[in-house]
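I'm opening my notebook on a structure that is new to me.

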Amino acid sequence: MRAKLAPACFERTRFRLLVVATALLAGLQIAQAQLPQTRIYALFPPGGQVGTAFDVTITNGADLEEVSRLLFTHPGITATQKTQDVGGQPQPIPNVFTVTVSGETPPGQYEVRAVGLYGISNPRFFSIGNRPEVLEVEPNNLPEQAQAIEIGKTLNARVTAGAELDHFKFAGKQGQRIIGELFARRIDSKLDAAVEIYDPAGRRLTLARNNVAGDPLVDVVLPVDGDYLVRVYDFVYAGGEDYFYRLTFHTGPYIDYVFPPAGVPGSTGAFTLYGRNLPGGQPSGVTTYGHPLDKLDVQIAVPADALKVDPQVALSSQASAADSFVYRWASPAGLSNPVVIGFAPSVPAAEVEPNNLPPQSQKVTAPVEVAGQFQARGDVDNFTFDAKAGQVFFLEAQAQRLGSPADPYLTIDQVTLNDKGEETVKRLGAADDDGVNPLPVIFETLSDDPVYKLAIPADGLYRVTVRDRYGASRGDSSLVYRLSIRPETPDFRLVAVPNGPIPANTKQPMTWAAGLRRGDNLPVDILSVRRDGFAGVIEISAEGLPPGVTCAPISLGPTQLSGVLVFTAAEDAPPFAGSVKIVGKSALTTPAGTQELVRHARVGTVLWPAAVNQPSETRVAQTLELSVIEETAPFQVKHDVPRIEANHGRQILIPVALVRRNGFDNSVTMTWVGTPPNVQIENKAIDKGQDSGLFRVFVPPNAPVGTYELHMIGAQQVSYRRNPAKADKAKAEFDEAAKVAAAAAEANKAAIAARDEAAKKVPDAQAALKVATDAKAAADKALTDAQAAEKAAAEAVQAAGDNADAKAAAEKLLQEAQAKVKAAADAIPVAEKARADADAAVKQAEATKATTEQAAKDADAKAKATEAARVAAEKKSKDAEAASKAANINFLPSSPALVLTIKNAPYTLTAAPADGGNVKIGGKIEVKVDLKRINNFAGPATLTLSLPPGTVGVKAEPVAVPADKNDGVLVIEAAADAPEATIANAVIRVEADFEGKAAVDVAIPLKVVK
């Protein structure tokens, strides 16, 4: 039973300071020490509106390689990974998704898990509301930077750094009653939020913190019209990606509590809602911490299945075994907040005041359910009932497990009245907290709610007094409780809790998921909460397993409150991520007969990792998700002894196989977990190079009779490469990028050479063009000169007239001139063509130059781009290679479970081998065995020799011991070819029919000698 030094809010603060100091270090140590498993710690935003689509980012987690899916516990919520264009191809953006919420999805809290290379993750709450949603806009650390928000919208925000203050402002009207609901702890955030509101004049109107399940609730009536400032911060000024919250200011309904706090399964019952801004409600006449409450009578349909829990609210581990359902009121002004209502076997009777004093005790008829409240400081509630001798009642008060801040304390008195009506009171007992805690540290179930077994000693009157543990300093209408006075009704509940790999017999909470590698064994902790003295054997099995995965059933005996269910994946098991169920069955025998109890296990999750022996924050999860990771375990521990019955005095030799993979060859230390009291068990290593070991278990006479689950934990470091496929892929990408870059560099070199060569040809072509142009000009001039000479010669011919000599000379000159004209005219086309050809050559050279210059530019750009791609690919390859570099990490696999049933023995044994147990090769010795009969055994028995596997050349014929004898002689022989050997773990086994088949062993020294 834990010491109670302060109310829960102060305990939470102290606990949280410890978490802040140790969780990060513990988380890092865990992450570095174990094989990777996908985990998520925070997403943002942590929710959204019905009928919308929005982006969500995993902002914190571990082992998030290749996360490609988000899975939600409601089919109306889906997600697709966002992509970005890279080189013309869509590439996934790591950890960013577009989430779509269908219009048919009911508002509520669901769970989200990520699926990646290392399987499916642990769950995180994901809230779906029906109000518009907005995101925080930074900077808003100062009042003058306050972000404007609207009443009636939900804000998603984070305190991302220590000492960060978030400021917002909203416009309000005088007389408005504003409710501010901040969800942080209730949606798996680390934020211990405080909320302050300031009026337009800067005066603080209210400060709220930790008044609703660890989160603040604000209730304020606005004094004037204007803008109101809101400040949100972490109470211990911590911060980070894990410090997210959802904040809504609204004028809609808010339910503080429902009365009565429980209803009858399958009925539609009358309930009263107590809360704020309840449309149609009336003043209740009560307040909660100074805030007046409305009340409204409603009819609530209570679900018929009281065993099915749908935790759409943050049910703590303390509430994991309590039966309850979640209710939201669909008011004319919108949906209310969710509240938890319990299940009762009968309609609860309301507490009637005054009942503070014993003479004012409220008379009830047992069995009965009572709904009560600690309405004022010092409130004490007394109830009396009549009972008959021999009756057995269980008295239980529930508050914490229903979300009430009350902390009930019970006292039970036997009241005797004399003839004058005067009381004589005998205190029979008292009860404070329920200390049942099957899985301490990992998943704490001890609660502030008391339970007491009352065996009625005599006919008469009995009084139960209910007090609040802190009633001397507080009293409030919200301190609601339910009191059950019920007949003994044995039953049980189961909770399955995946926890990370930890050393044998160590308690350390880890944020983990049920992830299996191929060829691996996965232990899942199972805790049983037994009610009203239930002492049956609980048979536990898994349902809905995927192909390639098996899970041997286990049994929890009456004294074993927790065990381990071990899932096994075959080496060829296909990848998988999906839901499985765990079911427990037991027989309950009553005077009316025997009935089978079938109870599906609820699921627990560890929210944050913690140090060894330090409890963490935990809650009930909505489903159990299992994944098979596409990676083979380094080694696997196996045995083929799922169940065994053993009498007192029995020796069990368990062959254990070690399947080695990927070159692993070191020794593995094997340690048993869950060993029954006093049972002698062998913890040792399977040595290097060995593939098996033989482990001895001995059940001494003082071992408690019962059924137990136990298993082994192996421990050794293994050389592990993290995601080598990614490194290989990155290396291939780098090789290709280097090849492309080299080719581009060569092409660039060739382009530069071509450009330079083309550049050289342009001046030559231009010079040739000049020559051709000059030649054309000369030809034009020659033609002109020739034409002028021809004209002059023609004029001379004419001028010569009849002068024959002059005329002949002139005509000769004319002929010569005409020949020159013809020659010059003929030269013109040639010169023109030469000039045209030269001009075309210049243009071609210039065009070639321009083309090669552009080609060189393009080749240079390509070379630079491919070189940049090569450098990036090289870095990516080196990073991937560094990340996948083999490192020694701890590997702590579990063996399959072994269910051991310990039974009484019919006798005890002593044995006296001749010659000290030394038998010569080819010889024999006698062993005298004495039986001491116990437990009324009077039948015959048979003596046998039981030797460890692998023993050769030694034998003994069975010897019968008649019912009228208590001794016998067994003869042990060594064959002529028997090897010399010291035979360890040799026993004389005596078998008989006793409560079925019974076998008892007595160890003897045995050695084969020459």
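**Helix pair.** I started with helix 2 (residues 724-800) and helix 3 (residues 804-883), which pack at an angle of about 170 degrees with their axes 3 Å apart. That angle makes helix 2 roughly antiparallel to helix 3. My cut-offs for the word: angles under 35 degrees are roughly parallel, over 145 roughly antiparallel, 65 to 115 roughly perpendicular, and the rest oblique. The axes are lines fitted to C-alpha atoms, for helices over the stretch in contact, and angles run from 0 to 180 degrees between N-to-C directions. Helices (H or I, at least four residues) and strands (E, at least two) are DSSP runs, numbered from the N terminus.

I then sorted the residues of the contact between helix 2 and helix 3, and they divide into 54 nonpolar, 9 polar and 24 charged. Here Ala, Val, Leu, Ile, Met, Phe, Trp, Tyr, Cys and Pro count as nonpolar, Asp, Glu, Lys and Arg as charged, and the others, Gly among them, as polar.

**Ground rules.** I noted that this is a predicted model, where local features need pLDDT of at least 70 and side-chain atom pairs count only at pLDDT 80 or more, while totals for chains, interfaces and linings use all residues. Residues are numbered from 1 along each chain as its sequence is written, and side-chain values use heavy atoms, with hydrogens and water left out.

**Cores.** Which residues have the most contacts inside the largest nonpolar core? I found I526, I540, L565, F567, I582 and L626, in a core of 34 residues. A nonpolar core means a set of buried Ala, Val, Leu, Ile, Met, Phe, Trp, Tyr and Cys residues joined through side-chain atoms within 4.5 Å. Buried is under 20% relative accessible area, exposed is over 50%, and partly exposed is in between (1.4 Å probe, protein chains only). Strand 45 (residues 562-569) gives the most to this core, with 5 residues.

Another core lies apart from it, with 33 residues, among them L35, V656, V679 and I686.

I went back to I582 and looked up its contacts (heavy atoms within 4.5 Å). Not counting residues up to four places away in sequence, I582 touches A496, I526, I540, S541, A542, L565, F567, R599, H600, A601 and L624.

**Rings.** I counted 16 aromatic pairs. The rule takes rings of Phe, Tyr and Trp (its six-membered ring) with centres within 6.5 Å; planes under 30 degrees apart are stacked, over 60 edge-to-face, and the rest tilted. F170 and F249 have ring centres 5.1 Å apart and planes at 35 degrees, so this pair is tilted. F170 sits in strand 13 (residues 166-172) and F249 in strand 19 (residues 244-250), so I have a link between distant parts of the chain, 79 residues apart. Both F170 and F249 are buried.

Next came Y257 and Y274, with ring centres 4.8 Å apart and planes at 15 degrees, so I wrote this pair down as stacked. Y257 is in strand 20 (residues 254-259) and Y274 in strand 22 (residues 268-276), 17 residues apart. Y257 and Y274 are both buried too. I also noted one aromatic cluster formed by F54, F72 and F126.

**A62.** I found A62 in strand 3 (residues 53-62), buried at a relative accessible area of 12%. Its contacts, leaving aside neighbours within four places in sequence, are Q37, T38, R39 and Y41.

Where are the cis peptide bonds I looked up? One joins E138 and P139, with omega about 0 degrees, and P139 is in the loop between strand 10 (133-135) and strand 11 (147-148). Another runs from A366 to P367, with omega near 0 degrees; P367 is in the loop between strand 30 (362-363) and strand 31 (368-373).

D188 has a positive phi of about 70 degrees although it is not a glycine, and at 1% relative accessibility D188 is buried. N210 also has a positive phi, near 60 degrees, and is buried at 13%.

**D476.** Last, I placed D476 in the loop between strand 37 (460-468) and strand 38 (480-487). Is D476 buried or exposed? D476 is buried, with a relative accessible area of 3%.
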